[in-house]
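The sequence and structure come first.

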Amino acid sequence: MGKCSRQELMFVGLWKKTWRERAFEDREYVPHRRDFTRSLSITTPDQMIEKAKGETAYLPCKFTLSPEDQGPLDIEWLLSPADNQKVDQVIILYSGDKIYDDYYQDLKGRVHFTSNDLKSGDASINVTNLQLSDIGTYQCKVKKAPGVGNKKIQLTVLVKPSGTRCYVDGSEEIGSDFKLKCEPKEGSLPLQYQWQKLSNSQKLPASLLAEMTSPVISVKNATTEYSGTYSCTVTNRVGSDQCLLRLDVVPPSNRAGTIAGAVVGILLALVLIGFIVFCCRKKRREEKYEKEVHHDIREDVPPPKSRTSTARSYIGSNHSSLGSMSPSNMEGYSKTQYNQVPSEDFERTPQSPTLPPAKVAAPNLSRMGAVPVMIPAQSKDGSIV
C-alpha cells in the first residue's frame, strides 16, 4: 500500500471526528444551540435608530418564552461605543428579580427599563437626554436556561440645526457685489439649505435661482429688484432651523463727501483737545504762581511797629546823653533817671536783660572830649526845680 500525502491524512482525520465534535467547532451550526433559541425567541429585529441630541431613544427588545425555559431570567444590555478602542460596557442588568443600572457612569440615571414586569416578555429600555457620547451599538441579551437570545440596535445621535444666522457680506449698493450667507451655529451633517424671497414681488432674479439651495448666494452688479426679505431654512435628518434677512439695495453714497466730513470732524476734535490741554496748563501755572506769592516776604512793606523798639530807642537816647554829663552827676543820673524810664508801653513788652551802666572816671571823660552839662532837677510830679 502506497504512502498517503499529508493533505490526504488530514482529510481522513477530519472524517474520523464525530459529528458532535465538528458541530462544536463550527459555532455557526450547533443543533443544541438552535434548539435553545427555539424555546426563547427575541421577536424584535435588528435595526438602526437616529435621534436628536437631548431627546429620548426607545430601544425595543421583546422576547417570548416556552415551557422548557425553567431557569432564572437574566437580562443584560451592553454598549459597544463607536470608538473601537473602548471595550463593551454593561449599562443595565436584571438578575435575581433586581435591577442594576449603575454599571456605566456616562449613562447613570439616564437608562431605564420601560416595563415594570420584565417577566412579561418586554426588556426594552429608554435612554434619556441623549448625548453624542451615546452613539454606538446596543445589544440586548436575554437568558432563561436553557434558552438564550440577543439582538443588536445601532443608535446614532444627531444634532439639530440651531442658532442659524443670516447676514449680508458686502456693501448693499446698486452696482456692487455682495453675498447673502446662511450659517447655523451647530447641526449634524449633512445639512440642506433652502432660500426663499418673502416680499417685494417674490419673483427672484434668474441669476439667483441656481443658488437657492446653497448656504451662500453671490450677487453680482446688484439692482433694486434684489431688495426684499429673504428666509433661509437649514434642515438635517432630525430637525430644522430658520433665519430671516432684510436686504435693501440703495444708490451709492457720496464717498468723497463722507471722507471730507470725516477729515473735518477729526480736525475739529484735535483742535478741541488742544484747547482743553492749553486751558488746563494755564490754570495749573496760575495756581502754582499763587502758591509761590503766598509764601514770599514782601521787601517793600515796612515791618510792624513794635513796643519793644520804642522802649529800646528811649533807652538808647538816654545812653547817648551820657557823653554830655559831668562826672559829678553821672552817679545820680544813673540812680534817678533809669528808675523813671519804664513806662506803660515798656512794661508790657518783654525786656531783654540790660547791662548795668558802666562807670567812667572823670579824667577819661575829659580825654574822650566830654563837655560837662548842667541837668536841672525834677520833682516827683515832673516839674523842674
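## Basis and terms

Buried means under 20% relative accessible area, exposed means over 50%, and partly exposed lies in between (1.4 Å probe, protein chains only). Asp 97, with a relative accessible area of 54%, is exposed.

This is a predicted model: local features need pLDDT of at least 70, side-chain atom pairs count only at pLDDT 80 or more, and totals for chains, interfaces and linings use all residues. Residues are numbered from 1 along each chain as its sequence is written, and side-chain values use heavy atoms, with hydrogens and water left out. Helices (H or I, at least four residues) and strands (E, at least two) are DSSP runs, numbered from the N terminus.

## Disulfides

A disulfide is a covalent bond between the sulfur atoms of two cysteines. The cut-off used here is a pair of cysteine sulfur atoms within 2.5 Å. The whole structure holds three disulfides. With the bonded cysteines of the protein chain numbered in sequence order, the pairing reads 1-2, 3-6, 4-5.

Cys 61 bonds to Cys 140, with 2.0 Å between the sulfur atoms. The S-S torsion of this pair is about -75°, so the disulfide is left-handed. Cys 61 sits in the loop between S3 and strand S4 (63–64), and Cys 140 in strand S10, so the bond ties together parts 79 residues apart in sequence. Cys 61 is buried at 0% relative accessible area. Cys 140 is buried at 1%.

Cys 166 and Cys 243 form another disulfide, their sulfur atoms 1.7 Å apart. The torsion about the S-S bond of Cys 166 and Cys 243 is about 50°, so this link is right-handed. The pair links distant parts of the chain: Cys 166 is in strand S12 and Cys 243 in strand S17 (residues 239–247), 77 residues apart. Cys 166 is buried at 12%, and Cys 243 is buried at 6%.

Cys 182 and Cys 232 are also bonded, with sulfur atoms 2.1 Å apart. Their S-S torsion is -90°, a left-handed link. Cys 182 belongs to strand S13 and Cys 232 to strand S16 (residues 228–236), so parts 50 residues apart in sequence are tied together. Both ends are buried: Cys 182 at 1%, Cys 232 at 0%.

Cys 280 is in no disulfide. Cys 279 is partly exposed at 34%. Cys 280 is partly exposed at 40%.

## Salt bridges

Side chains of opposite charge can pair when their charged atoms come close. A salt bridge here is a side-chain nitrogen of Lys or Arg within 4 Å of a carboxyl oxygen of Asp or Glu. The whole structure has six. Among them is Lys 160 with Glu 55, at 3.4 Å from N to O. Lys 160 lies in the loop between strand S11 (147–158) and strand S12 (165–169), and Glu 55 in the loop between strand S2 (47–52) and strand S3 (57–59), so the pair ties together parts 105 residues apart in sequence. Lys 160 is partly exposed at 37%, as is Glu 55 at 29%.

Asp 97 pairs with Lys 119, again with 3.4 Å between the closest N and O atoms. For Arg 110 and Asp 134, the closest N and O atoms are 2.9 Å apart. Arg 110 lies in the loop between S7 and S8, and Asp 134 in the loop between S9 and strand S10 (136–144), so parts 24 residues apart in sequence are tied together. Arg 110 and Asp 134 are both buried.

Two strands pair if DSSP finds at least two bridges between them.

S12 and strand S13 (residues 178–183) share five bridges. Tyr 167 stands opposite Lys 181 in S13. S13 and S15 are joined by four bridges, and Leu 180 has Ile 217 of S15 as its bridge partner.
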